[in-house]
Amino acid sequence: MRLARKLKILITDDSKLLRKKLRDELEKLGCDVIEAENGKEAVMMDLQEKPDGVILDIVMPEVGGIEALQVIKEVNPEIPVIMLSSAGTSQKLMETLKLGALDFIQKPYNSEQIKQAVEKIRKKVKANE
Amino acid sequence: MSSCYFAQYLLNAGFLAEDQLLPLLRQATDAVPGTPLLALHQGIMTAAQIASVGSGSDEEFAVRAQERGLLTKSQLVNMHQAIAGRDACFAQVLLDSQLVDYAKLEHAFRQCELAEPNPVVAAVESARIHEIGQDMAFYGEYVDAFFRSLLRFMDTDAVVVPESTLLHIAEETYAVSQRLSGDLNLAAGIMADERVFLEMARRYSHEDIQLVDDLAVDSIAEFLNVMNGLFAVNLSQRDMDVDLEMPRSACNVRPDGSHQLMLRVFTDFGSFVLVLATDEFLY
């Protein structure tokens, strides 16, 4: 059974271009989108806005993605977090999965990868409800 | 070998001069290789056989070549159905400009195929002015990867001119750089005048960017970031671990890095300077 309501997804990336493109993709998939520019903002948005899922870059100013992932998972262990980063080395992949990330997408992404990521978030949210 | 090396090979070998690059790269974007060139490029006919068939329209050439048993109908159909390589398009422009004939092209195609290291790496190697350090050994490989990213994300061939006469920095210059650190320390940056900077931003982002604003700078930074990420993944497959640092941007600066190499890169939309160093050079 599909989730009846819209998913609220938090995009966290310092790149304005990336946020714009990703917002378009997610809105086409029927998601509500909120944005953060760095890890610090992401943690605050996670607490205040309570998104269903987070898409998180790694290389960001102030607080990076890995640190933000740690904090977000401490506060809300069940929230699905998808890493979307150019820094897709096997070491980073292992590190983020160990910290509880649901998946890792290497930039440049394609629409199919985003669609699959949303499906994963949807399934996780459904399982948590 | 990738078809994107051909123009670089011709420059390295002295067939072309720096001032010919820009117009030729521009013309090559619209070039359609003719039947004789496709036959040569695909190894179906030699330059001598093409000469023996004689000149004329593509159709006339095809008919005469088939009559002489040098070309079959299915070969003709197949070679026109295949997507022409970028080297073939560039070669057609050289032929149209009467800079080469089929015999020279035949030789050049063969030599380019055999070139080791590849022509881009060879050009960068020839430009290194400092002693070869461990990190500098990756400059050639980096530029090669950078050119592949230009082709993939900005749809342009590129040629690096090791000792360019255009290495001075334009008065109004925009620069973006990013450093990789860890098992390899390498900072790479793009410096371009407004027109070229904007065109690069538009091509990467597919957005209608008319001003050098946050989105324009961000587009170039994201291009570098994605390119460097792919490079880092490639290094990690060789057990080299590197981290990507935050991209930096600046306007009207003179880069000042260690083991710095400034390379003029020509594309079909203009030229820019690619800066490589072993530490950050934008302050």
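Two residues are in contact if their C-beta atoms, placed from the backbone, lie within 7 Å. This is a predicted model, in which local features need pLDDT of at least 70 and side-chain atom pairs count only at pLDDT 80 or more, while totals for chains, interfaces and linings use all residues. Residues are numbered from 1 along each chain as its sequence is written, and chains are lettered from A and ligands numbered from 1 in the order in which they are written.

Q: What makes residues of chain A count as in contact with chain B?
A: The C-beta criterion decides this; by it, 15 residues of chain A are in contact with 17 residues of chain B. Helix H1 (16-28) and helix H4 (90-98) of chain A each supply at least two residues of that side, and H1(A) gives the most, with three residues.

Q: Why are H1 and H4 of chain A called helices?
A: Because helices are DSSP runs (H or I, at least four residues), numbered from the N terminus; 16-28 and 90-98 are the runs concerned.

Q: What classes of residue make up the side of chain A that touches chain B?
A: Six are nonpolar, seven polar and two charged. Ala, Val, Leu, Ile, Met, Phe, Trp, Tyr, Cys and Pro count as nonpolar, Asp, Glu, Lys and Arg as charged, and the others, Gly among them, as polar.

Q: How many residues of domain 1 of chain B are in contact with domain 2 of chain B?
A: 16 residues of domain 1 of chain B are in contact with 16 of domain 2 of chain B. On the domain 1 side, H2(B) gives the most, with six residues.
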